[in-house]
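Thanks, everyone. I have one model to walk through today. Please look at the screen.

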Amino acid sequence: MEDFIQSLANLSDFWIYAAIFLIAYLENIFPPSPSDMVIVFGGSLAGFGQVDLLGALAAATLGSAFGFATMFGIGHWFGVKILESGRLRFLPKESIDKVEGWFRRYGYGIIIANRFLAGTRAVVSFFAGMSHLRFIYTLPLCFISALIWNSILVLAGNSLGKNWQKIGVYLTAYSQTVTAILVVVVLFLVGRYFFGRTKKSS
């Protein structure tokens, strides 16, 4: 994957922007993807004057926002059909309704945190659409979230220059930490849900 990222340096600035946009977009549809590292590398290339810093940031942020909007639309129009198709039988309808309820209550806050939730970005956008959050509010919030996160990545790459790969260690540690926290939270919520059902039936 590092060879692929390095090969971007041989492209013209237009195709570098296009690659950043496309990979940032696809991360929302087919996670996981190396989008964060590609964006960091774009920042590194900006440091050497090969691309424009704001251009790399704009390509990454627009790709992230359009990818979010795509999954939002899929969740909005087809979410219920996908869940009722039986492909996700391990999720009881009661549990899905409960998750939707949580999303309707905290949804817009989750949208703001979306880009910082490593590994769950596609899930967030899918359930945001399925929960029928208002797109007119959701899109600007996901854009702001993407802009803040991608600014950190682009500026990090711009500062590190040829040592841009070093940030991969921090991104991996961050991703593992966030994933572990999310797993604990999910286990807690699931445990509380089933404990509540057991208590009601006794």
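Start with the nonpolar surface patch: its largest share, five residues, comes from helix α7. Helices here are DSSP runs of H or I, at least four residues long, numbered from the N terminus.

Some ground rules. This is a predicted model, so local features need pLDDT of at least 70, side-chain atom pairs count only at pLDDT 80 or more, and totals for chains, interfaces and linings use all residues. Residues are numbered from 1 along each chain as its sequence is written, and side-chain values use heavy atoms, with hydrogens and water left out.

Back to the patch. Its members include Phe21, Phe66, Phe143 and Leu147, and together the patch has about 1000 Å² of accessible area. Areas come from the Shrake-Rupley method with a 1.4 Å probe, and for residues only the protein chains shown count as cover. A patch residue has over 30% relative accessible area and no salt bridge; nonpolar side chains (Val, Leu, Ile, Met, Phe, Trp, Tyr) are joined within 5 Å, like charges within 9 Å. A salt bridge is a Lys or Arg side-chain nitrogen within 4 Å of an Asp or Glu carboxyl oxygen.

Leu147 lies in α7. Leu147 counts as partly exposed because its relative accessibility is 33%. The scale: buried is under 20% relative accessible area, exposed is over 50%, partly exposed is in between, with a 1.4 Å probe and protein chains only.

Now Thr138, also placed in α7, residues 135-160. Is Thr138 buried or exposed? Buried, because its relative accessible area is 0%. Thr138 touches Phe68, Phe72, Tyr108, Ile111 and Leu133, leaving aside residues up to four places away in sequence. Contact means heavy atoms within 4.5 Å.

Next, the inside. The largest nonpolar core has 21 residues, and Ile20, Val38 and Ile39 touch the most other members. A core is a set of buried Ala, Val, Leu, Ile, Met, Phe, Trp, Tyr and Cys residues joined through side-chain atoms within 4.5 Å. Its largest share, seven residues, comes from α3.

Last, aromatics. There are six pairs. Rings of Phe, Tyr and Trp (its six-membered ring) pair with centres within 6.5 Å; planes under 30 degrees apart are stacked, over 60 edge-to-face, the rest tilted. Phe14 and Trp15 are edge-to-face, 5.1 Å centre to centre and 80 degrees between planes. Both are exposed. Phe21 and Tyr25 are stacked, at 6.4 Å and 10 degrees. Phe21, Tyr25 and Phe66 form one aromatic cluster.

Conventions:
Helices (H or I, at least four residues) and strands (E, at least two) are DSSP runs, numbered from the N terminus.
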